[in-house]
Amino acid sequence: MAGSSEKDSIQAEIGQDVIDAAVRSVERRMEDEEVTVIEVEAREAPASEDADASVAPEDSVTPQDSPAPPATADEVAQLRQEVESLKAQVEFSQAKGRETMERLREAHERAKEAQDRMVRAAADLENYRKRAQKEKEEVQRFGSEKLLKDLLPVMDNMDRALEAATKSPDIESFQKGVAMTRKSFEDALGRHGVKSFSAKGQPFDPRMHEAIQQVETADTPAGHVVYEVVRGFFLNERLVRPAMVVVARAPEAPAPVVEAAAVEAASSTPAPAEDSPPAEAEPRAEAPEQHTDSTSGGSQ
């Protein structure tokens, strides 16, 4: 039946028992509708004369055994409308259920893809961390390999210069060889960003210079470098070692001539004798007055 096929295809989110009850109610109503329609058609059909003659009195239906009154056309139409409404509701529920299941399936797939991406990202991050750690260790161990390769020829030239000095006493040739070796060493350092700078005659700069002494001199302005003890070096514009320098200081002015003469006079003046009486021991001028008073008293 049509009701059975619809019942098998229901895939809604409502409970299965509710759907089954609704389908059974629809089936019952449809069966009642078919029976009613058949009875109405049978009553409306004109009865033939032969049929009336053949009907026996005992075969007539008594009022007690008569069926329920047939349903009217309005009731049948109302039942059909209800059936159509139920079908529409079931189809709507099925469509909503399919739509919801599709959204759930898509959300599940998106969540699964996001989880897979997260797992892959975590694995890539862990691999990157291990690779970076390994590269860092290799740089610490073998980072100076290129510099050493550039310095090895300098050591070879030093060995050749020492060997030549033992065989020949020519000092000029030895000095020339050492100068060339130093030049090659400086070039090797320059290829790696190491550069020296000269501070002699420059104003003293505490950012690049380190003063170890001050000297008085009139040949160099005060506050300038007179002598460079150790040269300074930069590594890629960063100060590696400051230059150790001696800084000039203005000489002190000579003492004035008047002060020198006064010092000389003070040193040439003889010291007073120890036996001479002090100035307070001289006789006072009041002594004659005392003598006059005593004479006048005696005459009286």
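This report covers a helix, a sheet, a hairpin and a nonpolar core in a predicted model.

## Basis

The model is predicted: local features need pLDDT of at least 70, side-chain atom pairs count only at pLDDT 80 or more, and totals for chains, interfaces and linings use all residues. Residues are numbered from 1 along each chain as its sequence is written, and side-chain values use heavy atoms, with hydrogens and water left out.

## Helix α5 and its cover

Helix α5 spans residues 145-167 and has 23 residues. Helices here are DSSP runs of H or I with at least four residues, strands are runs of E with at least two, and both are numbered from the N terminus. From first C-alpha to last, α5 reaches 34 Å, close to the expected 33 Å. That expectation is 1.5 Å times one less than the number of residues.

The helix bends by about 25° at Leu151. The bend is the angle between axes fitted to the seven residues ending at a residue and the seven starting there. A proline, Pro153, follows within four residues.

Asp150, Val154 and Ala161 of α5 are buried. Buried means under 20% relative accessible area, exposed means over 50%, and partly exposed lies in between (1.4 Å probe, protein chains only). The cover over the buried residues of α5 includes α6 (171-191). Gln175 belongs to α6. Gln175 counts as exposed because its relative accessibility is 51%. Gln175 and Ala165 are 10 residues apart in sequence, and their C-alpha atoms are 9.7 Å apart in space.

## The mixed sheet

An open sheet is formed by 3 strands in the order β2-β6-β3, with mixed pairing. Strands pair if DSSP finds at least two bridges between them. β2 (209-216) and β3 (225-230) stand at the edges, each with a single partner strand, so one side of each lacks a neighbour in the sheet. Neighbouring strands are turned by 25° against each other on average, direction ignored. The axes behind this value are lines fitted to C-alpha atoms (for helices, over the stretch in contact), and angles run from 0 to 180 degrees between N-to-C directions.

β3 and β6 run antiparallel and are joined by 4 bridges. Glu228 has Val245 in β6 as its bridge partner.

## The nonpolar core

The largest nonpolar core has 6 residues: Phe197, Ala199, Val225, Ala243, Val245 and Val247. Strand β6 (residues 243-249) gives the largest share of this core, 3 residues. Such a core is a set of buried Ala, Val, Leu, Ile, Met, Phe, Trp, Tyr and Cys residues joined through side-chain atoms within 4.5 Å.

Ala243 has contacts that include Phe197, Ala199, Met208 and His209, with residues up to four places away in sequence not counted. Its other contacts include Glu228, Val230 and Arg231. Contact means heavy atoms within 4.5 Å.

## The β4-β5 hairpin

Strands β4 (residues 232-235) and β5 (residues 238-241) run antiparallel, joined by 3 bridges. Phe233 has Arg241 in β5 as its bridge partner. The two strands form a hairpin with 2 residues between them.

Asn236 lies in the loop between β4 and β5. Its phi is near 55°, a positive value in a residue other than glycine. Asn236 is exposed because its relative accessible area is 57%. Glu237 also lies in the loop between β4 and β5. Glu237 has a positive phi of about 65°, although it is not a glycine. With a relative accessible area of 75%, Glu237 is exposed.
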